[in-house]
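Please read the following walk through the structure with the coordinates open.

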Amino acid sequence: MLRLEKVSAGYGPVQVLYDLDLEAKPGEILCLLGRNGAGKTTTMRAIMGLCDRTNGRVMLGGTDISALPAHEAPRQGIGYIPQGRRLFTEMTVAENIEIGLMTRKKGKATRERVLDMFPRLRERLDQRAETLSGGEQQMLATARALCLEPSVLLLDEPTEGLQPSMIQLIRDAVVTMKDQGVAVVLVEQRLDAVLSIADRVAFIENGHGREVVDAEVLRTDTSLLEKYVGV
Amino acid sequence: MDFGPYLLLASLEGAVGAAVLALTAVGLSLVFGVMRVVNVAHGEFYMIGAVVAWFVATTVGTHPALGFVAALIVAPLVAAIIAIAADRLVLKRVNYDPEATIVATIGILYIIQQAALMGYGPEARPVEPPFNHRIALPWYDFAAGEWFYPWGLGTTSYKLFVIAVAIVLLLGFWALMTRTKVGLVMRATQLDWDMAQAFGIPVDRVYALVFGFGAALAALAAVLIVPIQQAHYLMGGDPLLLSFIVVIIGGLGSVRGTVVAAILIGMSDGIISVFFTPTLAKIIATMVVALVLVFRPQGLFGTKAA
């Protein structure tokens, strides 16, 4: 289980998150919703240790990972698919996957399993990542993160700019991870996608954690969406 | 001697310079590419290589080849250890800030230089080459239609050895960067250090490794050249200047560009030095840098900043 306890974080002198509490349980999809600049991406980065955490703890199971250096987060089992994919674009598909397997002792079986999920990547192993289509790049970003065999998966706007068939593919991969007991934290702008996939939704406003509700509630009552997202 | 044989002689001298320069500049380029650190102390790691080579050769002393082989192992190790210590004690503490690291490496430059002056002294000292046979080179006389050996046209087996070893080391470096896990880690850190961390790569350890590796390459280059040039505590200036020229022309952080530019600059430096003066060679190289900065700021093989 991933738990954020009173986490404050930002970038240098700019504070973005204020005493944020959050919890993602194994086998659930927790969606973060909020307006642009609310602090959703910073929440992801704070979990990964990729921005300045000034207060609070990030607990993974019983371990306080906020006390560890940033490169320990993936070793502890957190996979991160950032906004804009952030692939190693000058590397091949195979090399990007190899980076994902960096923390695994015996990664061959994992590599095969991940490539079975995205067979199109298997056909393009020697192709440079920058030459892939947007959808294929998202597949690679997802595959690279799944190579970590994470117990927690962070996805930051994974469907941004993708065509519907690709969105479905990514969605299926996320649901598969959830069914395997992975705690999924998802930032997504498309509300239909959120409502169709999320178990719970956490609203973030100006860096503060507001309400956490079952997604079921939002399917019938849209007042919270109007309040925190403006739709 | 006619112009043709003279040009061949100058080209061979240039090739030796280019080989050593390529090794030195690749180290500088690697450090900048991965760490974004402009290492002004790079020439001093070169000097350390030469000075340690002299110490090792003098200490081992039984046969020049034995001392030379020992220097090839010990000098890069010593340079790497000093570089890693500098990274841990200085560069890491200024958070690898690009401006702060320039000032910091200037400080490291002076510390190493003055330490060498105190420990090694101001003299230039020779290191005996492991072998040094004279090789006469033939030239074709088109008028007479036959090969002959012009007087003065020759090189030494050691100079050809330097070129060959540099080529082997550069190929080894290329294989390391493209075929091994260590190379993959370094390239990932170079491309996106933030994401490298997100996949479990300990970036600060990679930085230490890269800084040490860059210094080791410079020291290796110095061990190769010191039987030709002698070891001196101020010898780091020229290779530093030429390495910066090469790295800027080749494209900051581009290893391929660095090697191509090293061949261009090294060869032209050798040829112009033989036909005219070494100073003119440096002036022309610096002018080429100015032209590159004006017309192609990213260098011949660099990519434009987004």
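A residue is called buried when its relative accessible area is under 20%, exposed when that value is over 50%, and partly exposed in between. The model is predicted. By that cut-off Cys51(A) is buried, because its relative accessible area is 9%. Cys31(A) is buried too, with a relative accessible area of 0%.

How many disulfides does the structure hold over all chains? The count is 0. A disulfide is a covalent bond between the sulfur atoms of two cysteines. For Cys31(A), the closest cysteine sulfur is that of Cys51(A), 20 Å away, so the distance is too far for a bond. Seen from Cys51(A), the closest cysteine sulfur is in Cys31(A), again at 20 Å and too far for a bond.

Next come the nonpolar cores. In soluble globular proteins, nonpolar side chains tend to be buried together. Here the largest nonpolar core has 125 residues. The members with the most contacts inside this core are Leu2(A), Ile78(A), Ile99(A), Leu154(A), Met35(B) and Phe45(B). Its largest share, 15 residues, is supplied by helix 8 of chain B, residues 203–229. Leaving aside residues up to four places away in sequence, Leu2(A) touches Leu22(A), Glu23(A), Ala24(A), Ile47(A), Val58(A), Met59(A), Leu60(A), Ile78(A), Val152(A), Leu154(A) and Val185(A).

Over all chains the count comes to 27 salt bridges. One of them joins the side chains of Arg120(A) and Glu136(A), at 3.6 Å from N to O. This pair links distant parts of the chain, with Arg120(A) in helix 5 (residues 119–122) and Glu136(A) in helix 6 (residues 134–146) of chain A, 16 residues apart. Arg120(A) counts as partly exposed because its relative accessibility is 37%, whereas Glu136(A), at 6%, counts as buried.

In chain B, the side chains of Asp204(B) and Lys92(B) meet in a salt bridge at 3.4 Å, N to O. Here, too, distant parts of the chain are linked: Asp204(B) belongs to helix 8 of chain B, while Lys92(B) is in the loop between helix 3 (64–91) and helix 4 (98–120), 112 residues apart. Asp204(B) is partly exposed, with a relative accessible area of 26%, and Lys92(B) is partly exposed at 35% relative accessibility. Another salt bridge is formed by Arg125(B) and Glu123(B), whose closest N and O atoms are 3.0 Å apart. Glu123(B) counts as partly exposed, at 39% relative accessibility. Arg45(A), Arg86(A), Asp192(B) and Asp194(B) are joined into one network by salt bridges that share partners.

What is the nearest side chain of opposite charge to Glu188(A), which is buried yet has no salt bridge? That side chain is Arg190(A), at 4.5 Å. A salt bridge needs a side-chain nitrogen of Lys or Arg within 4 Å of a carboxyl oxygen of Asp or Glu. Glu188(A) is placed in the loop between strand 8 (183–187) and helix 8 (191–197) of chain A. Its side chain makes a polar contact with the side chain of Thr159(A), at 2.9 Å. A polar atom of the Glu188(A) side chain also lies 3.2 Å from the backbone nitrogen of Arg190(A). Not counting residues up to four places away in sequence, Glu188(A) touches Leu32(A), Leu33(A), Pro158(A), Thr159(A), Ala193(A) and Val194(A).

The last stop is the packing around helix 6 of chain B, residues 181–191. The buried residues of this helix are Gly183(B), Leu184(B), Val185(B), Met186(B), Arg187(B), Ala188(B) and Thr189(B). They pack against helix 3 (93–100) of chain A, together with helix 1 (3–35), helix 5, helix 7 (193–198) and helix 8 of chain B. Thr178(B) is found in helix 5 of chain B, residues 157–179. Thr178(B) touches Glu95(A) and Arg187(B), residues up to four places away in sequence not being counted. A polar atom of the Thr178(B) side chain lies 2.7 Å from the backbone oxygen of Trp174(B). Thr178(B) is partly exposed, with a relative accessible area of 27%.

Notes
Residues are numbered from 1 along each chain as its sequence is written. Chains are lettered from A and ligands numbered from 1 in the order in which they are written. This is a predicted model: local features need pLDDT of at least 70, side-chain atom pairs count only at pLDDT 80 or more; totals for chains, interfaces and linings use all residues. Side-chain values use heavy atoms; hydrogens and water are left out. Helices (H or I, at least four residues) and strands (E, at least two) are DSSP runs, numbered from the N terminus. Buried means under 20% relative accessible area, exposed over 50%, partly exposed in between (1.4 Å probe, protein chains only). Lys and Arg count as positive and Asp and Glu as negative; His and the chain ends are not counted. A polar contact is a pair of N or O atoms within 3.5 Å; within protein, one must be able to donate a hydrogen and the other to accept it, and residues adjacent in sequence count only if both atoms are side-chain atoms. Contact means heavy atoms within 4.5 Å. A nonpolar core is a set of buried Ala, Val, Leu, Ile, Met, Phe, Trp, Tyr and Cys residues joined through side-chain atoms within 4.5 Å. A disulfide is a pair of cysteine sulfur atoms within 2.5 Å.
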